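Here's a quick briefing on the model below. Have the structure open while you read; the notes are grouped by topic.

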Amino acid sequence: MAREIYAYKCRLCGTLHYPFRMVCKECKQNDFFEFDTVPLPKAGTLVTWTRVYNLPAQYEVATLGLGIVELENGMRMLGQLEISEPELGMAVIGNVEVVRKEPYDDYYGMVFRAA
Amino acid sequence: MRDVYVAGIGITTFTRLEYPLSEIASYASMMALKDAGVTEVDQVYVANMGSPRVNHQTALASAVVDSLSLMPAGAAAIENGPASGASAIKAGFQAVASGMEDVVLVAGVERMREVNNLEATDFVATLTHPLAEYIYGVTLPAHAAMFTRMYMDRYGVTERHLAMVGVKNQNAALNNVWAHLQQEITLEGILDSPEAMTNNPYVAEPLRFFDACPVSDGGAALVLVSEEKARELGRPMIRITGVGQATDTHAVFEREDPTDLLAVRKAAKDAFAMAGLSPSDVDVAELHDAFTILEIVESEEVGFFPKGEGHIALEKGETALGGSIPINVGGGLKGRGHPVGATGVAQAWEIVTQLRGDGEARQVEGARIGFTCNFGGFGNNVVCLTFVRED
C-alpha cells in the first residue's frame, strides 16, 4: 500500500492544516484532536527550490535537492527533489520515501520527481 | 510604564573563542557593568540558544551570576532561537518599565565553534518544524536559498545584489575591531572573476559562501536602568523607546505569501508606533543579515523602502555609511559574526555605540535615533527595538 502524508481537517470548520497543529488557525474552537486526517495530494507545481551542499552530518550525499511544492488542492509542502534541472512552476509528482536515516530510525517524507 | 535607559554596554571579540561559555558571557557583562558604573544588579537575563545541546551546560544564568558575584540577584536564561538576544532585552525592558527592578543586566552569548560545522548547522536547523521541515534535511541556508529564489523571480534581485550586501557588510567589519571577519572582499573576487566560483562556491543555490554569516563564538551585554538610576550614573541618556515582537507560522511554506516576512513587518510597526517614530526618522539601523537576502528584504518590511525596492536602494548606496539610512555599519551578522544568542544584544551594542558617537571610522554623523531587527527562526519570531539619544 502506498504511504501517505496527511493533512488535518478541522471537524468544526473544515479548514485543512499541514503540518498538524492542536488548535485550528481559522476557528480556534477545537477541543483535543478534533481533526480528521486527509491524505495530501501528490501532484503539484514547484514554487521554489534549492540544491544544498553543506548538509547535516546524517546525510551521506554530495548535494540534496529541496523544494516547496504547491499541491493540486492549493496547500503547500516542503519535500526533497529528485530532479536534475528543477524549474519554477514545473509539474511534479510526489512519493513517500525515506528522507532521513538515523540510527534505528527511518523518517518518511515526500520526494518529488518531474511529472 | 517607566522609561528604560541603556547605561552600560560590553562585547567580546566575535571569533572562535577557547573560553567556557559562561566566561564569554561574563566578560561582556563585566565590560557593561564597568561602563555603567554599577557593581550590583536586581536581575540578570542571559540570552542563549544552544548551551544544553552544543556546550552540554544548562541553567546558564546561574553560572553567569555566580561568575560575576552578582548573588543574590534574580537570574534566568532566555532561549528564543536567533532572536534570543532581543527577547532578553525585551524581558529586561519589561522588568524596569514595570517598576519591579531598577538595574537589569542583559547578556547574550553563544559558543558554536565548540562543535564542528556540520553539527553547528544541524543545531541551528533544529529550530525548523520537526516533522514538516527538519526531517527533510532543511538547513537555515536552504530556507534562505528557497526564499531568495522566489524573491529573485518576483522582484528582480540578482546574485550581484546579494554579493553587494556581502561586500558592503564584510568590508564594514574592517572598521569594527570586535568583528569576526577581518578580510576585505571585492565583487571581482567573489562574483566576476574566473576564480569566483572557487572563492565563493554555492552553499545552497542560489546562495553562495559569502552570502552567509560566519559561525562565531561571542558575547555582548547591556545594563538597563530606570530614568532615576540613569541620571545618577551620568552616562549618555540612551532610551529604548519602542519594543515590538511578532510571530508567524512555524513552517515557512504555510504562509499565505512565502515571500512576505509578516512578523518583521508587524514587529517593526509596533516598535515604531510605541516610540512615536516612523521608519524615515531612523539615522542608523542594524538588520539581521544572517544571509545577504535578509538585509534587502528586512529593509523593505521594516518600512525603510517599498516592498521589492530594497535592492534598488542598495544599488544607489542608500544603505551604506553616508547613505540615507546606513544599515549594519559595524559589519552586521555577515561581518561581525553571528553567535546566535548574542546577536540581538550585539545589535543593540552597535546602536548604543553609534548614538553615543563612539563609532570612530564607522560613525554615522549626528546619529540620534537607532533601530534593530533581530530575526528568529526563518521569520517566525522577530523582535524590533528603537533607541533614542535624549541628551
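Take the contacts in chain B between residues at least 6 apart in sequence: 76% of them join residues at least 24 apart, with contact meaning heavy atoms within 4.5 Å. Bear in mind that this is a predicted model, where local features need pLDDT of at least 70, side-chain atom pairs count only at pLDDT 80 or more, and totals for chains, interfaces and linings use all residues. Residues are numbered from 1 along each chain as its sequence is written, chains are lettered from A and ligands numbered from 1 in the order in which they are written, and side-chain values use heavy atoms, with hydrogens and water left out.

**Chain B overall**
- Chain B has 15 helices and 11 strands, taken as DSSP runs numbered from the N terminus (helices are H or I, at least four residues; strands are E, at least two).
- Along the principal axes, the C-alpha atoms of chain B fill a box of roughly 55 × 45 × 40 Å.
- Buried residues make up 67% of the 391 in chain B (buried is under 20% relative accessible area, exposed over 50%, partly exposed in between, with a 1.4 Å probe and protein chains only).

**Helix 12 of chain B**
- Helix 12 of chain B is largely enclosed by the rest of the structure, because 10 of its 10 residues are buried.
- The cover over those buried residues includes helix 6 (140-155), helix 7, helix 11 (262-275), helix 13 (310-315) and strand 10 (369-376) of chain B.
- After helix 12 of chain B comes B:G303, with a positive phi near 105°.

**Helix 7 against helix 12**
- Helix 7 (residues 159-172) and helix 12 (residues 292-301) of chain B pack at about 95°, their axes 8 Å apart.
- The two helices of chain B are therefore roughly perpendicular (65 to 115 degrees; under 35 is roughly parallel, over 145 roughly antiparallel, the rest oblique).
- Helix 7 of chain B brings residues including B:H161, B:L162 and B:V165 to the contact, and helix 12 of chain B brings B:T292, B:I293, B:E295 and B:I296.

**A:L40 in chain A**
- A:L40 sits in the loop between strand 3 (35-39) and strand 4 (43-52) of chain A.
- A:L40 is buried, at 3% relative accessible area.
- Leaving out residues up to four places away in sequence, A:L40 touches residues including A:E4, A:Y18, A:L71 and A:M77.

Technical notes
Axes fitted to C-alpha atoms, helices over the stretch in contact; angles between N-to-C directions.
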